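Please open the structure in your viewer and keep the selection tool at hand. The stops below say what to select next and what is there.

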Amino acid sequence: MLADDLNRCVKIPIPVGAMHLAGARRVPKLTTQIKRPDRFPYLSALRGMAALWVVMVHVAHMPNPHLALPWWAEGFVGNGVMGVNLFFLVSAFSLCLTMPKHDKEERPYLGFMLRRFFRIAPLFYLLIIVTRLMRIFPFRWSALAANIFFVFNFIPGSGYQTAMVLAGWTIGVEMAFYVMFPFIYARTKSVTLAMRALVVAFLVAAAFRSVIGNLVADSASYINQSIFGLAPMFMFGIIAFYMVRAAGEWKHKRVIGALLLASVPLQFYVIIHGLVPFGPAIYWQGPMFGCLLVGLYLLPLRLLVNTATVWLGNISYSIYLVHSPVIVVLAYRSTVYQRLHGLGLGPVETYALALGLTLACVIPIAALTFYGWENWLNEWGKGFASRMAGRKEQPRIVVQEAA
């Protein structure tokens with residue numbers, strides 16, 4: 001059962017010597033503590049792979065001119081933006097895992113939002129400063145305020161919905177989802193209820209798509225980067241959570257896991273070639289990544305879930321936010337990528353060198369920002385959130401001795 005995986009510490013009190021006679025030696029209460037891992041390897045590995053996939057597409061497409069690739073490589077690399085939706089599914093799944101601990105707090109919603117704020121905001125604010133120093137975007141005080149208060153996803157325009165941080169639009173989507181998540185979680189306590197929430201999210205997205213064209217100039221971009229259009233992706237993550245929780249009772253788990261993982265490349269082919277039977281192709285990424293998530297839970301292949309991918313997953317947020325400024329420096333503030341073009345190598349070799357060089361810069365910087373800034377403030381924020389949320393008083397059970 002998924003309960004075996006819960007990332008929390010469970011204390012099981014074992015009363016010993018409930019009754020004692022006068023003059024008898026009192027036996028102390030024993031406490032057995034079962035420690036649970038804070039994260040699950042397959043979730044961290046998925047975060048790491050999603051971050052690398054996003055870096056791959058940006059290395060190819062951010063330079064001007066783009067780094068050309070043959071069709072067989074472009075099919076995978078060019079669709080690296082899908083890594084963002086994989087992030088969204090994993091995020092919703094992870095939030096479902098951690099929500100039960102908030103039930104012990106006096107002010108659970110406050111505790112939840114403070115923890116999410118300190119998980120996201122410190123590094124995002126740091127990258128706002130870096131982006132400003134690099135003068136990547138024109139500066140506007142109104143855009144700065146929207147970014148600081150994380151309301152920019154609702155405001156169309158460059159620097160607003162797109163964020164003042166390169167690729168930071170996803171943070172606006174995440175923060176908007178965090179505001180709604182506790183209410184969604186309280187009403188989705190099973191696979192059936194989660195599927196109903198998915199239907200509601202689809203209806204909201206359809207209504208949003210039908211009216212937004214009359215409200216904003218660039219409706220296509222606004223829809224693709226809006227929480228209203230992307231809400232179904234998070235619902236797929238919640239469904240995957242309840243599927244995993246039910247998986248403890250399944251027979252032939254490894255076989256089912258293998259079949260789910262084998263279906264992912266087929267679904268990917270159908271999506272990128274426009275062969276989906278109905279609806280926007282983006283939403284078909286939900287079932288695909290859901291199969292990947294549940295499949296890796298049932299069958300954590302060493303090729304995908306290993307020390308390297310798990311570690312990359314731990315620093316994936318830093319990788320995601322720092323990689324774009326690094327590419328800007330390599331592609332526009334220096335001649336590094338141009339020199340790679342001048343070597344006369346084939347497109348695959350040129351791209352491989354560019355990707356390797358970019359990762360050689362991004363990963364050390366991401367590790368520094370993670371250990372020196374992001375993780376430090378995140379841990380402090382957890383303690384602060386716990387103090388602000390408070391703890392519910394546990395009822396005390398008094399056992400009266402027999403006369």
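Begin by selecting helix H12 (residues 307-314) together with H15, whose axes come within 10 Å and cross at roughly 55°; helices here are DSSP runs of H or I with at least four residues, strands are E runs of at least two, and both are numbered from the N terminus. The axes are lines fitted to C-alpha atoms, for helices over the stretch in contact, and the angles run from 0 to 180 degrees between N-to-C directions. H12 and H15 are therefore oblique to each other, given that angles under 35 degrees count as roughly parallel, over 145 as roughly antiparallel, 65 to 115 as roughly perpendicular and the rest as oblique. Show side chains next: Trp-311, Leu-312 and Asn-314 in H12 meet Ile-363, Ala-367, Phe-370 and Tyr-371 in H15, where contact means heavy atoms within 4.5 Å. By class, this contact of H12 with H15 has 6 nonpolar, 1 polar and no charged residues, with Ala, Val, Leu, Ile, Met, Phe, Trp, Tyr, Cys and Pro counted as nonpolar, Asp, Glu, Lys and Arg as charged, and the others, Gly among them, as polar.

The model is predicted, so local features need pLDDT of at least 70 and side-chain atom pairs count only at pLDDT 80 or more, whereas totals for chains, interfaces and linings use all residues. Residues are numbered from 1 along each chain as its sequence is written, and side-chain values use heavy atoms, with hydrogens and water left out.

The residues of the contact of H4 with H15 divide into 13 nonpolar, 5 polar and 4 charged.

Still in helix H15, select Thr-358. Is Thr-358 buried or exposed? At 0% relative accessibility, Thr-358 counts as buried (buried means under 20% relative accessible area, exposed over 50%, partly exposed in between, with a 1.4 Å probe and protein chains only). Leaving aside residues up to four places away in sequence, Thr-358 touches Val-59, Val-326, Ile-327, Leu-330 and Tyr-337.

Finally, move to Arg-187, in the loop between helix H6 (169-186) and helix H7 (191-211). Arg-187 is exposed, with a relative accessible area of 58%. A polar atom of the Arg-187 side chain lies 3.0 Å from the backbone oxygen of Phe-183.

Terms used
Polar contact = N/O pair within 3.5 Å; in protein donor to acceptor, adjacent residues only side chain to side chain.
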